[in-house]
Amino acid sequence: MKPIRTAIFGTGFMGRVHLEAVRRVESVEAAAIAGRNAEAARHLGAGFSIPTIATDYRDVLCDPEIDAVHICTPNAQHFSMAKDALQAGKHVLCEKPLATTVEEGEELVALAARQGVRNCVCHNLRYYSMVQQMRRLCEAGDLGEILVVQGTYSQDWLLYDTDWNWRVDPKAGGPSRCMADIGSHWFDMAEHITGLRVTSLCADLQTFHRTRKQPKHSVETFANKLLGPEEYIETAINTEDFGAVIFRMGARTRGSVTASQVSAGRKNRLSMEIYGTRSSVAWDQERPDELWAGHRDTGNEIFVKDPSLLKPAASSYADLPGGHSEGYDDTFKQVFRRFYASISTSSIGTPGGAHEYPQFVDGLRQLIILNAVLQSHRTRGWINVPAPETGY
């Protein structure tokens, strides 16, 4: 069978992650890389023997041999790149956030539907096998009625005022940083696991570093804490370091979440706790193979990942037997595998919800929640969150 030929747009941290994961998916060939920095693009391409290197992504879109593209660039570029790729008839897998405004997200959802191409937003963190196990426990009613959903997404890579990344600049990252970058992952996972939708929320955001010391040379994501540049540009900051949100899911379910990029010692801790009328579950991304189960009248349990013991609908998200760890990079493989399998099917016009991966409409959903968070912070009050129309 002829392989699906795909291109990676972006040569930074996420571009490399996507490239490595694509190489792990059957019948898919990484055929091109596009990056504004020609040297970085050539270096990355040489390491993976990529035949085509471009500094303008539009040159890649003109190639009829390219079937799909991955957009792994700064957030503000997502909309224009995705729009151009859709108009060129390419299947598109875009890093989150899908865009920087709800209006842009709506335009991309509508355009993808008109073009009849596959579209995916990389909410990959859904696809840890233990997260899928939590989802299936909720679906089966094992937890009972869900009463409380709570947790955090905590990191420390922007703790110091000398820490810098393009995400702190709204021109590159959009009007929100912490909630858009990691809070969106948490909300996507909470809705995905429980099947419930956030209906209203109240948010408080905080920028602890009103100025940061911007190094005069380029700094790759997560690499800044290893650097010690002697010359900085003192730069004003108006994107948030921290966010706290309380929310409602339907008539009874209540929840709370904090997202932080200034929590010392927390490298990438997404924690999710779901409390039901029968039992509870909790999961921590820094210990991805473990699932805590809590009970009122019997002992609590720690379940260690073993695909043979997972719910049937969750077992396909684990490729290795019990005792063999699967982590962050494996979640990309799981998303990409399902995305490319849908391209291989003949019925391209099938409704998006028929595919087991997040679509553009899911990315739009997170933009709607994020917009409510920003509005709530500005008005210091509760904001209703519109219900999604499709995609769930």
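Which helix gives the largest share of the lining of the largest cavity? That would be H11, with six residues. A quick note before going on: this is a predicted model, where local features need pLDDT of at least 70, side-chain atom pairs count only at pLDDT 80 or more, and totals for chains, interfaces and linings use all residues. Residues are numbered from 1 along each chain as its sequence is written, and side-chain values use heavy atoms, with hydrogens and water left out.

Back to that cavity (on a 1 Å grid over the protein atoms alone, a set of points where a 1.4 Å probe fits but cannot get out; lining residues have an atom within 4 Å of a point). The volume of the largest cavity is about 110 Å³, taken as the space filled by probe spheres set on the points, with grid points joined across faces, edges and corners. Its lining has 15 residues, and Met179, Ser184, Gln366, Leu367 and Leu370 lie nearest the centre. Helix H8 (178-194), like H11, supplies at least two of the lining residues.

Just past the helix, Arg380 takes a positive phi of about 60°.

Now for the strands. E5 (residues 91-94) is covered on both faces, with His91 and Leu93 buried on one side and Val92 and Cys94 on the other. E5 pairs in the parallel sense with E4 (residues 68-71) over four bridges, where pairing takes at least two DSSP bridges. His70 stands opposite Leu93 there. E5 also pairs in the parallel sense with E6 (residues 119-121), over three bridges, and Cys94 has Val121 as its bridge partner in E6.

Finally, the second largest cavity has a volume of about 70 Å³. Helix H10 (328-344) and helix H6 (129-140) each supply at least two of its lining residues, and H10 gives the most, with three.

Note on methods
Buried means under 20% relative accessible area, exposed over 50%, partly exposed in between (1.4 Å probe, protein chains only). On a 1 Å grid over the protein atoms alone, a cavity is a set of points where a 1.4 Å probe fits but cannot get out, and a pocket is an open set with protein on both sides within 12 Å along at least five of seven lines; lining residues have an atom within 4 Å of a point.
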